[in-house]
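Subject: Structure handover and notes

Hello,

Here is the structure I promised you. Please open it first, then read the notes below.

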Amino acid sequence: MTAKEIRQAFLDFFAAKGHAIVPSAPIVVKNDPTLMFTNAGMNQFKEIFLGEAPAKNARVADTQRCLRVSGKHNDLEEVGIDTYHHTMFEMLGNWSFGDYFKTEAIAWSWELLTEVYKLPKDRLYVTYFEGDAKEGLEKDIETLNLWKQFVDDSHILPGNKKDNFWEMGETGPCGPCSEIHFDSRPDNERAEVNGATLVNGDHDQVIEIWNNVFMQFNRVKDGSLHSLPAKHVDTGMGFERLVRVLQGKSSNYDSDVFQGLIQFISDKSGKTYNSAAKPDDADWNAAVAMRVLADHVRAISFTIADGQLPSNNKAGYVIRRILRRAVRYQYQYLGFKEPFLNLLVPILADQFKGVFDELYSQKDFVQKVVLEEETAFLRTLEKGIQVFDQFTGDITGEQAFVLSDTFGFPIDLTELMAREKGLSVDLAGYETALAEQKARSRAATAIDTGDWVVLQNDDSVEFTGYDETETVAHITKYRKVNAKGKEQYQIVLDKTPFYAESGGQVGDTGELVFPDGEVIHVTDTKKENALIVHFTDKLPANPTEALTAIVDQSRRNSICSNHSATHLLHAAMKQVLGTHVNQKGSLVNDDYLRFDFSHFAKVTDEELAQIEVIVNQKIRENISLKEERNVAYQVAITSGVTALFGEKYGEYVRVITFDDEFSKELCGGTHVQATGQIGYFKIVAESAVAAGVRRIEAITGVGAENFINGQNLIIKKVKEALKNPKDVVKSIEDLLEENARLRKEIDKAILEKSAGLKDELAAKAEAIGGINFIAQKVDLPNADAVKNLAYQLKDIVPNLFLVLATEADGKPGLTVMIAENLVKDKNLNAGTIVRELAKEIQGGGGGQPFYATAGGKDASGLDRALEKARAYTA
Ligand code: ATP
Ligand code: MG
């Protein structure tokens, strides 16, 4: 079976068992403060497990693209070294939301593996949770007995809490799990060592392929467990591992999921891929490097396609680090000194066409971003190598840390380079520096979140903010949060007009007003999974009372203007620049709007002007908002709406239209009732954000009016300063021209003056014991002219010891010039001398032994300084 067929067989199998097949969620997570990337199939269903939203289907299956490079699951350091952990992988999963439980889940997993995929039963091992007395957790006898129906006792193994008890986080849903492992060792090895002893023992031929989690508890902050009202099944099977065992390979990289990439890398590097290489073999490093590239390009490409660009913080930085790891390997072990990784993007895109089309439809863009990042990092690497070369002696921990932190050198690269120079690296010191940095960043982001205090059980929040900005509501739950030492409260209401930050639009602010007159200020509103969370500084005295939730209306109006203008802008850009323009990020707040989009060239002034004209035209047409709330996703897409990559859309979507022929977007944000409300639209900046991504910033309404008024005021002041000429521009041009001409004349005059001074001073030289001493006050307007004079004198007066005193704009200055032979023979040093002389003018300075300058505060000391200089001639 090919990988494609294997994936399809999984989905078909569960579809036949009544499961709805759903699309993979994007790899980049939004609306979950605890998670940056999707790291398991269940992430997109978290709100169902938490009871925050009802399940639309009780049985669901899919293949989810996952990334395990940060947080609780971080496999990055294993990747490439071993043959079965990836950064990005597909997790095949089936779910039951309060529907079937252990009986069906276990029977079906066995049926699929042994009857559909026909895996040999004697190579399969299953596990069950053995219980944990300390935690008061019971042994999962139910699972044990269910397995006994299908599996021989010798292949059913108990597992501890670490491997066989799954928890969403420190708090939340949890329960026992049951894993399925596969032993792919050759028969002779299997005869010698019992596979059961190798399960969960990090053996690369006895690997876990599937995990079935049975969620039956909820853990609260004090650590205690409560039984969940509805029990769920959550399973995850590593697709690449499954393909490998089905294709009879001993490494994931030998399956058809990776071979296309590996072959290409091998061809271009001119090195053969040796799948069986061991760490001591000569071709080990190259084999690891090829695996790293074939793996990392997947993580990088899918994440960029899902809208996350490499950057210097958070999710973007994680991607940048993965990319750098890949570049480092190709540079160090495959001999690619020029960008290479990006060439893998089109191969990958073709491979996933029809599976995850997000990549295929953006492959040029993704490739370009990768190329640009590679190029930039190669430059950094080279700089780092230069820095490394300047280190003398063994490499200290601090130096190794700087190399890794600033130049992206992993510690083993530093070690390798040190070894080549016969130096050692202080590894312990490096680890300490690293640990210190980690502790610093942890302290900076530590957030202590309390348990929810539940006042009313309510499994979904109603958002009323599309229709009104004032709603009578009740608090359903609240909690206390301690972030960076600041106490805050988070409040959830049963209904709310407050828009929670999402889709680039900021959260609403406003007030919660209580019957007794108490007013609680809402400082921000954010989403957490399906919840709308209001941030406040205090709790009301009577939290169970009905309250009126009131959004700050004028702020909201400005936000609506900017959001609707963003849609008009997007549509206008597609007209002016082309349909390749895709949104790559957006920010809409009450001050302005920021729109990032894919486009390979700078947007010219003419294009910007054209875009502005179109948007303002649409504003004046005063087009009414058409808002459709429950449109089936497929219907919307077929009607030609603009959907965004990396956005998770439900089955039903909201469509915002301003003129059917002009702008139609899937959007959850708030908008003006008619475009005329926007008033006026003005672009204020256009810039580059990253390779292939440009940014436009614009303002609307009163903001735009103030901006234009500000500009007009400047012009008015300029005109006044120029005495109100008829043509301001011409008048400024004339002024500049005149200025340039005067500048030239002055320069010439100074030059003439210093030439005259040169001869005059040379004539004044006093011969004192082999030294030609000149100490004079000169009248020259700037430092350049003085320097010029000093150098000219040096050319014509041998054995020169020159001291010049100047005064420009009331500030005294000293210049010392000493002939090189005097510096050597008489041990005279202009730097030392000028510092000593400068004391007379209350100043300081320095320079080289033959030329130095000083400035000071007290011009009356210049004569004393000149006199003092004479002492050095002795
Ligand atoms: P392992 O112990 O091998 O790291 P895990 O216990 O972390 O696996 P789960 O969190 O249970 O794995 O994930 C479910 C399945 O996803 C696993 O059975 C495995 O097949 C697959 N899987 C987990 N991590 C990875 C990874 N980094 N790369 C590829 N597949 C993975
Ligand atoms: Mg793991």
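First, a definition for the helix pairs: axes are lines fitted to C-alpha atoms, for helices over the stretch in contact, and angles run from 0 to 180 degrees between N-to-C directions. Helices (H or I, at least four residues) and strands (E, at least two) are DSSP runs, numbered from the N terminus.

Two notes on sources. This is a predicted model: local features need pLDDT of at least 70, side-chain atom pairs count only at pLDDT 80 or more, and totals for chains, interfaces and linings use all residues. Residues are numbered from 1 along each chain as its sequence is written, chains are lettered from A and ligands numbered from 1 in the order in which they are written, and side-chain values use heavy atoms, with hydrogens and water left out.

**Overall**

The chain has 25 helices and 35 strands. Its C-alpha atoms fill a box of roughly 115 × 75 × 55 Å, taken along the principal axes. Of its 874 residues, 49% count as buried (under 20% relative accessible area; exposed is over 50%, partly exposed in between; 1.4 Å probe, protein chains only). Contact means heavy atoms within 4.5 Å. Among contacts with a separation of 6 or more, 68% join residues 24 or more positions apart.

**Helix pairs**

How do H13 and H15 cross? The axes of H13 (residues 363–390) and H15 (residues 411–420) come within 12 Å, at roughly 45 degrees. H13 and H15 are therefore oblique to each other (under 35 degrees is roughly parallel, over 145 roughly antiparallel, 65 to 115 roughly perpendicular, the rest oblique). H13 brings Leu381, Ile385 and Phe388; H15 brings Leu413, Thr414, Met417 and Ala418. That contact has 6 nonpolar residues, 1 polar and no charged. Here Ala, Val, Leu, Ile, Met, Phe, Trp, Tyr, Cys and Pro count as nonpolar, Asp, Glu, Lys and Arg as charged, and the others, Gly among them, as polar.

H15 also meets H10 (residues 314–333): their axes come within 11 Å and cross at roughly 25 degrees. That makes H10 roughly parallel to H15. This crossing is left-handed. Arg328, Tyr329 and Gln332 of H10 touch Asp412, Leu413 and Leu416 of H15. By class, there are 3 nonpolar, 1 polar and 2 charged residues.

**Cores**

A nonpolar core is a set of buried Ala, Val, Leu, Ile, Met, Phe, Trp, Tyr and Cys residues joined through side-chain atoms within 4.5 Å. The largest has 116 residues; Phe10, Leu113, Ile209, Trp210 and Leu341 touch the most other members. Helix H9 (residues 284–305) gives the most to this core, 15 residues. Another core, of 43 residues, lies apart from it and includes Leu780 and Phe801.

**Two single residues**

Gly393 sits in the loop between H13 and H14 (397–407). Its relative accessibility is 40%, so Gly393 counts as partly exposed. Its C-alpha is 71 Å from that of Ala674, 281 residues away along the chain.

Asp524 is in strand E20 (residues 519–528). With a relative accessible area of 22%, Asp524 is partly exposed. Asp524 and Gly507 are 17 residues apart in sequence, but 5.6 Å apart C-alpha to C-alpha. Leaving aside neighbours within four places in sequence, Asp524 contacts residues including Glu501, Asp508 and His534.

Best wishes

Notes:
A crossing is left-handed if the near helix is turned anticlockwise from the far one by less than a right angle, and right-handed if clockwise.
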